[in-house]
Amino acid sequence: QLRLVESGGGLVQPGRSLRLSCTASGFTFNRNIMGWFRQAPGKEREGVSFISTSGDNTAYTNSVQGRFTISRDNSRNTVYLQMDNLKPEDTAVYYCATLHHDAGSTWLPSLSNVNLFSYWGQGTQVTVAP
């Protein structure tokens, strides 16, 4: 049974930080690319950040570049998203997703290739407001 469980969401004030976690089970974690996505009301789901199977390559959407950091701990089957200097525009439901990949350990798809990720967690709400 493949399962992804997100945690760490909540309500924070602008400028503060939040750390999201996603714990995986039911597959070989170090053979899967991990990604964080988000969806705000009235907007399409967008890719926020991806990390390669080895953890040596990462990608970020322009709006979070320099503020968010993705990382993974393969010994714990967990991927993290450290979010600093949060803005109201970051308010959304954040989802963890995975893509199996047996080729190069540093390869990543384009951030726009949402459909390549077939397995999703249930999401965690992040609200940034005064």
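Modeller: Fine. Asp90 and Arg38 are both buried, where buried means under 20% relative accessible area, exposed over 50% and partly exposed in between, with a 1.4 Å probe and protein chains only. Note that this is a predicted model, in which local features need pLDDT of at least 70 and side-chain atom pairs count only at pLDDT 80 or more, while totals for chains, interfaces and linings use all residues. Residues are numbered from 1 along each chain as its sequence is written, and side-chain values use heavy atoms, with hydrogens and water left out.

Biologist: And what do the side chains of Asp90 and Arg38 meet in?

Modeller: A salt bridge, at 3.0 Å from N to O. The term stands for a side-chain nitrogen of Lys or Arg within 4 Å of a carboxyl oxygen of Asp or Glu.

Biologist: Where do Asp90 and Arg38 sit in the chain?

Modeller: In distant parts, 52 residues apart. Asp90 is in the loop between strand 8 (78-83) and strand 9 (92-100), and Arg38 is in strand 4 (residues 32-39). Strands here are DSSP runs of E with at least two residues, helices are runs of H or I with at least four, and both are numbered from the N terminus.

Biologist: What about Glu46 and Arg38?

Modeller: Their side chains form a salt bridge as well, with N to O at 2.7 Å. Arg38 counts as buried because its relative accessibility is 5%. Glu46, at 29%, counts as partly exposed. Taken together, Arg38, Glu46, Arg67 and Asp90 are linked in a network of salt bridges.

Biologist: How many salt bridges does the count come to?

Modeller: Four.

Biologist: New topic. How many helices and strands are in the chain?

Modeller: Zero helices and 11 strands.

Biologist: Which strands form the open sheet, and in what order?

Modeller: Four strands, in the order 1-3-8-7, with antiparallel pairing. Two strands are taken as paired if DSSP finds at least two bridges between them. Strand 1 (3-7) and strand 7 (68-73) are the edge strands, each pairing on one side only. Neighbouring strands of this sheet are turned by 15 degrees against each other on average, direction ignored; the axes are lines fitted to C-alpha atoms, for helices over the stretch in contact, and angles run from 0 to 180 degrees between N-to-C directions.

Biologist: Over how many bridges do strand 1 and strand 3 pair?

Modeller: Five, with strand 3 covering residues 18-25. Arg3 has Ser25 of strand 3 as its bridge partner.

Biologist: Back to strand 9. Which strands does it pair with?

Modeller: Strand 4 is one of them, antiparallel over eight bridges, and Asn32 stands opposite His100 there. Strand 11 (residues 124-128) pairs with strand 9 over three antiparallel bridges, with Val126 as the bridge partner of Ala92. Strand 10 (residues 119-120) also runs antiparallel to strand 9 and is joined to it by two bridges, where Ala97 has Trp120 as its partner.

Biologist: Is strand 9 mostly covered or uncovered?

Modeller: Mostly covered: seven of its nine residues are buried.

Biologist: Where is Pro88, and what does it touch?

Modeller: Pro88 lies in the loop between strand 8 and strand 9. Leaving out residues up to four places away in sequence, Pro88 touches Pro14 and Val128, contact meaning heavy atoms within 4.5 Å. Pro88 is 72 residues from Arg16 in sequence, yet their C-alpha atoms are 11 Å apart in space. With 43% relative accessibility, Pro88 counts as partly exposed.
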